[in-house]
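Colleague: Hi! Could you put the model up on the screen and walk me through it?

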2 protein chains.
Amino acid sequence: MPTLEFFRLQTRQEVLALYDRFAPVGAEDVDLADACGRVLAAPIRAPEDVPGFLRATMDGYAVKAQDTFGASVGAPQYLEIKGEVPMGVAPTRGVGPGESLRVATGAMLPPGADAVVMIEYTAEHPDGTLEVRRAVAPGENALTPGEDVARGEMLFPAGRRLRPQEIGLLAALGLGRIAAYKKPRVAIISSGDEIVPLDGTPGPGQVRDSNAYLAAAQVAEWGGLPLMHGIIPDDFDALRNTLAEALITADLILISGGSSVGVRDLTLTAIQDLPDSEVLVHGVALRPGKPTILAALGQTPPKPLMGLPGHPASAAVVMEVLGRPLLLRLAGASHQSPWGRRVSAVLSRNLAGATGREDYVRVRLRREDATLWADPVLGPSGLLSPLVKSDGLVMIPLGVEGLCKGAEVAVQLFGGS
Amino acid sequence: MPTLEFFRLQTRQEVLALYDRFAPVGAEDVDLADACGRVLAAPIRAPEDVPGFLRATMDGYAVKAQDTFGASVGAPQYLEIKGEVPMGVAPTRGVGPGESLRVATGAMLPPGADAVVMIEYTAEHPDGTLEVRRAVAPGENALTPGEDVARGEMLFPAGRRLRPQEIGLLAALGLGRIAAYKKPRVAIISSGDEIVPLDGTPGPGQVRDSNAYLAAAQVAEWGGLPLMHGIIPDDFDALRNTLAEALITADLILISGGSSVGVRDLTLTAIQDLPDSEVLVHGVALRPGKPTILAALGQTPPKPLMGLPGHPASAAVVMEVLGRPLLLRLAGASHQSPWGRRVSAVLSRNLAGATGREDYVRVRLRREDATLWADPVLGPSGLLSPLVKSDGLVMIPLGVEGLCKGAEVAVQLFGGS
């Protein structure tokens, strides 16, 4: 029977390196209206120019720029107004030397015109003459075809997560459906004889299934689809059968189990009883989070299983530090901006590290005058409330004895903080 | 007919102060499994203690702490093992002086026991004697009832946005349904004779409806429900009727209109034709974003309408700077953490400000050695691509002539960056 002794604690980097063996989930076509936050499964090239025509960006008059050269308030130039360009259609006439046409922002410039004089720098005379008080350069107050995006241009690589502005650009190009990676389906299994459902009343010695709810919310926030598999008693057959069932539909299995040695051993045994299973990690050099399990189940490609520690704060930290990168790997997200979830702050007290483990300390952020302070929120990892009072985590690296009060630290923000 | 001349440009602070007159949308009951990201509509007190019983946080032996006092490797104490506490039920016997019971992490401590000796510091002898090599203090390796959350404790005020850890704590308390503010319904109307639907082929002078898609994605990302109302031509009756129709169901109306003076005037006229309408803002001291409109429609309470500039970059910035706070106001979100969307960086080139306006410059973040640089991404606001290349915005305050290369700046990150 496997025990902790067979494994040495693996570092975060060692665990993350193992994720290479798990493949992103498949792709599906998604309506652009539902695509924000999704990850592209194929690169996108621009199928056409944006804008598709020479376009006014100001209200004013379409002109030949050279007709305005030298114009100033003191020495205006005079042009003939030949009418106006209606919105949304091609101009019915062009602009010849000494001529102009009224244009509104967004209108197409007529043939012969190469710039727009803003209405602020003009006056219309009753005889149809336009007084131009400022010169414009060719292309001024106009967008040339393809200036925003040129046809054939590589826009986004596969793996790019779409933000609102990417959605806007894809809409401008008429790309109403895009190929995105599916949202990874994440089976969440709670195990433990002491766990009762959320709507149950815990008897003596019993607690509600809070870890599963916490993990499911994290999964959903990070772009996965949580599939709740309920509570399994500490029983080999029940656990093994639930794992086998979850494997049919899930891309990732999370077991939110107890932290006792017996329960961990039971989980390992059940994993190893599944065909083509391999326990990759049993114990990580993190504090909190040591009793974490990573396994590969099945073949071509294997599906990952992560066994989370039973203490809620440990499980939440392991999910942030190891679970989120795994989910992003399955979701096909190729790059993750490193600044979106980090903020610099000043540590408000000394912190001792954990020997031989990377230490994650919960902190609350507090702004005082011009300084952003990180106040450690201490408390055993069996408690939820310190996690609720925190905005993020400060990491004390492996091999560092501690961090001093006044040190500048990077705070990894919790989602939604 | 109203024109820009009737209004002076209002500052961001002046616009934000007007939001007080708009009320949060109503509340609804939400399943806890769907509540992450939602905003509490009522404060929550703890209905019970968490944990509900004296609970082991380590594998080991339940003891009377005083029986271990003085124990060390050189001078162990010896206790009698009287059996074990099963998981999930009340212990059937207590611990008397000189006695111990095996417990796993999460188990209930038996009557008489007040601490747990970790298994690492013990040995079991064949005769049922426990050798204890380290003393424990009362309460050590155990959680007392109510230590995480005490019954009656005020947990969260109304207006709190729920993160995964809040969901976990509410699950531990058995609160399976919570009262949350509804997601604000946001009508999105595109106006302009030159706009064609996403799946249309733009003819000469025509463009696709990209601003509506960009705004809808922002709304969804910030917790609102976008309702697409399609494209309305530049026609008074069509615009007025669409506004009246949108008012029936929407909590907020966004008009993504053209930037030409004529279209803005048409929008204003249509707004003013609606009963009990009031134009509050017509022009803001922002660059980009000047031609923004804010109006209050109807009574008890009025509903806000925001008219967005036609240039895509202008509309996106106005949505970030003015639209998001308005949406959060309607969503009942009482406080917004100021650090979650900001990061400090060093400006990589000089930037000139805009006279009389708060200036928002798109920047791309780039890490080089230990420095995070903010590289300005310049380009006319009619372009989408600079927005796509950017990670966030740097603001040059009103009255500041510019920012120098090397200045430390706060970058307001775009959602998803």
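Modeller: Happy to. Let's begin with a pair of residues: A:R342 stands opposite A:Q412 in β28(A). Before we go on, this is a predicted model, where local features need pLDDT of at least 70, side-chain atom pairs count only at pLDDT 80 or more, and totals for chains, interfaces and linings use all residues. Residues are numbered from 1 along each chain as its sequence is written, while chains are lettered from A and ligands numbered from 1 in the order in which they are written.

Colleague: Thanks! In which sense do β22 and β28 of chain A pair?

Modeller: Strand β22 (residues 342–347) and strand β28 (residues 408–413) of chain A pair in the antiparallel sense, over five bridges. Strands here are DSSP runs of E with at least two residues, helices are runs of H or I with at least four, and both are numbered from the N terminus. Two strands pair if DSSP finds at least two bridges between them.

Colleague: And β22(A) with β25 of chain A, parallel or antiparallel?

Modeller: Parallel: β22(A) and strand β25 (residues 371–376) of chain A share two bridges. There, A:V346 stands opposite A:W373.

Colleague: New topic. What rotation superposes chain B on chain A?

Modeller: A rotation of 180 degrees with 0.0 Å of shift along its axis does that, with RMSD 0.0 Å. That is the relation of a two-fold axis.

Colleague: Which residue of chain B comes closest to the rotation axis?

Modeller: That's B:V343, with its C-alpha at 3.0 Å.

Colleague: Why do you say the copies meet through the same surface?

Modeller: Because 100% of the interface residues of chain B are also interface residues in chain A.

Colleague: Nice. What about helix α5 in chain B, which of its residues are buried?

Modeller: They are B:V263, B:R264, B:L266, B:T267, B:L268, B:A270 and B:I271. Buried means 20 or more other C-beta atoms within 10 Å of the residue's own, exposed means 12 or fewer, and partly exposed is in between, with C-beta atoms placed from the backbone. What covers the buried residues of α5(B) includes α4 (236–249) and β17 (252–256) of chain B.

Colleague: Last one: where does A:Y121 lie?

Modeller: A:Y121 sits in the loop between β7 (115–118) and β8 (122–124) of chain A. A:Y121 is partly exposed, with 19 other C-beta atoms within 10 Å. Leaving aside neighbours within four places in sequence, A:Y121 is in contact with A:V132, A:R133 and A:R134.

Colleague: And what does A:T11 touch?

Modeller: Not counting residues up to four places away in sequence, A:T11 touches A:A285 and A:L398. A:T11 lies in the segment before α1 (12–18) of chain A. The C-alpha atoms of A:T11 and A:R357, 346 residues apart along the chain, are separated by 7.8 Å.

Methods: Contact = placed C-beta atoms within 7 Å. Least-squares fit on C-alpha atoms with pLDDT ≥ 70 in both.
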